Amino acid sequence: MEDKKITSALGSGGKSTNDFVKDIICKYFGNSILENLGDAAYLDINGELSFSTDSFVVEPEFFPGGDIGKLAVYGTCNDLSVSGAKPKFLSFSLIVPEGYKFSDTEKIVASAGAAAEEAGVQIVCGDTKVISASGLKSPLVNTAGIGVLKKKLNDYGKIKTGDKIILTSDIARHGMCIISKREGLNIDSEIESDCADLNPLFEVSGYKGIKFARDATRGGVAAVLNEISDKTGLGFLVDEDEIPMREDVKYLCEFLGFDPLSVANEGAALLIVESALSSKILDKIKSVKVGADAALIGEVCSENKVMLKTPIGGIRNVEMPVGELLPRIC
């Protein structure tokens, strides 16, 4: 049977739109708040809130370990989590090129729904637009999220010399997954994206001893550390031997000439923690699946630069990545 295509009628606001919302959106995102289908969602929230939004334009939209729907849900949830908030509610807006496969659109929505369920968030509002296919091959997604604040984790003033750095996962998998899929590289193993929900890391830690957190997405670990160094006037000494990285990812980075520290991740965060509690925090993080490969990789120092201790004992500076290494990666 020939697959249906997305047409401009789906975004017209008429019957096609209503059918899509009822048959696809409510099917995969269904909850009592969304199914009211009002102009806005009514939310019952107690406590201080955190609010974030992001847009996703990854190409290809389906990749090993994920797709743009899953990425959009986890991406905004992770921005809330590393800010110190527990994600509660999301919006989900879909922009689809005319002529795009209906079945692939449904796959994206279904994947987003499954990710939201796993993350324990409700998708309570959204929008769907269909635009001319000229220049746009695949859907775009915008998500916005609200979370209940547990502890403010974006206060640069709390970072002090001697604090330890925990990297919660191996690095560079998302970037190398996307480029290998996009370019059709013939490598021995299929590298899967690390696209994942980071909130379990903070739930299991209880937030105790964590001073600052940031997910290492575009620009990777190098961008996060340089940004913090710029804001605080402090620096970092990182031990390259302690940075977790899979062999196939390391090989592909070397083959293509990428510095893995600058490659994007979608399931890894950097935590700056109290030195005295660092081992206990690391043990807790390693007890959950998304933190199984976590490692203590270095510490905060007084020199205002990011330094990497190499396996042969040398020291090299890690600079802020310049330019766009991998377009449309998230």
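## Salt bridges

Asp170, Arg173 and Arg246 are joined to one another in a network of salt bridges. The model is a predicted one, and it holds eleven salt bridges.

| Pair | Distance, N to O |
|---|---|
| Lys15 and Asp19 | 2.7 Å |
| Lys27 and Glu106 | 3.5 Å |
| Lys152 and Glu48 | 3.6 Å |

An α-helix has 3.6 residues a turn, so residues three or four places apart point the same way. Lys15 counts as exposed because its relative accessibility is 63%, while Asp19, at 24%, is partly exposed.

The salt bridge between Lys27 and Glu106 links distant parts of the chain: Lys27 lies in helix H1 and Glu106 in helix H3 (residues 102–119), 79 residues apart. Lys27 is exposed, at 54% relative accessible area.

Lys152 and Glu48 also form a salt bridge. Lys152 is in the loop between strand E6 (140–149) and strand E7 (164–167), and Glu48 is in the loop between H1 and strand E1 (49–56), so the pair ties together parts that are 104 residues apart in sequence.

## Helix H4 and helix H7

Helix H4 (residues 173–183) is largely enclosed by the rest of the structure, because eight of its eleven residues are buried. Among them are Arg173, His174 and Gly175. The buried residues of H4 pack against strand E2 (62–63), helix H2 (68–82) and H7. Just after H4, Gly184 has a positive phi of about 65°.

Helix H7 (residues 247–256) contains Tyr251. Together with Phe255 and Leu256, Tyr251 makes a nonpolar patch on the surface, with about 330 Å² of accessible area for the three.

## Leu271

Leu271 sits in strand E10 (residues 269–273). With a relative accessible area of 0%, Leu271 is buried. Apart from neighbours within four places in sequence, the contacts of Leu271 include Lys164, Ile165, Phe202 and Ile285.

## The cavity

Rolling a probe the size of a water molecule over the atoms shows where empty space is left. A search of the whole structure finds one cavity of 30 Å³ or more. The largest cavity holds about 40 Å³ of space. Its lining is made by Val221, Leu225, Val238, Ile243, Leu261, Val306, Leu308 and Val318. Helix H6 (220–232) and strand E12 (306–309) are the elements that give two or more residues to this lining.

Conventions:
Residues numbered from 1 in each chain as written. Predicted model: local features only at pLDDT ≥ 70, side-chain atom pairs only at ≥ 80, totals over all residues. Heavy atoms only, no water. Patch = residues over 30% accessible without salt bridge, like charges linked within 9 Å, V, L, I, M, F, W, Y side chains within 5 Å. Areas by Shrake-Rupley, 256 points an atom, 1.4 Å probe, with all protein chains shown as cover. Salt bridge = Lys/Arg side-chain N within 4 Å of Asp/Glu carboxyl O. Helix = DSSP H or I, 4+ residues; strand = E, 2+ residues; numbered from the N terminus. Buried < 20%, exposed > 50% of the residue type's maximum accessible area, 1.4 Å probe, protein only. Contact = heavy atoms within 4.5 Å. 1 Å grid on protein atoms, 1.4 Å probe; cavity = no way out; pocket = protein on both sides within 12 Å on 5 of 7 lines; lining within 4 Å. Points joined across faces, edges and corners; volume = space filled by probe spheres on them.
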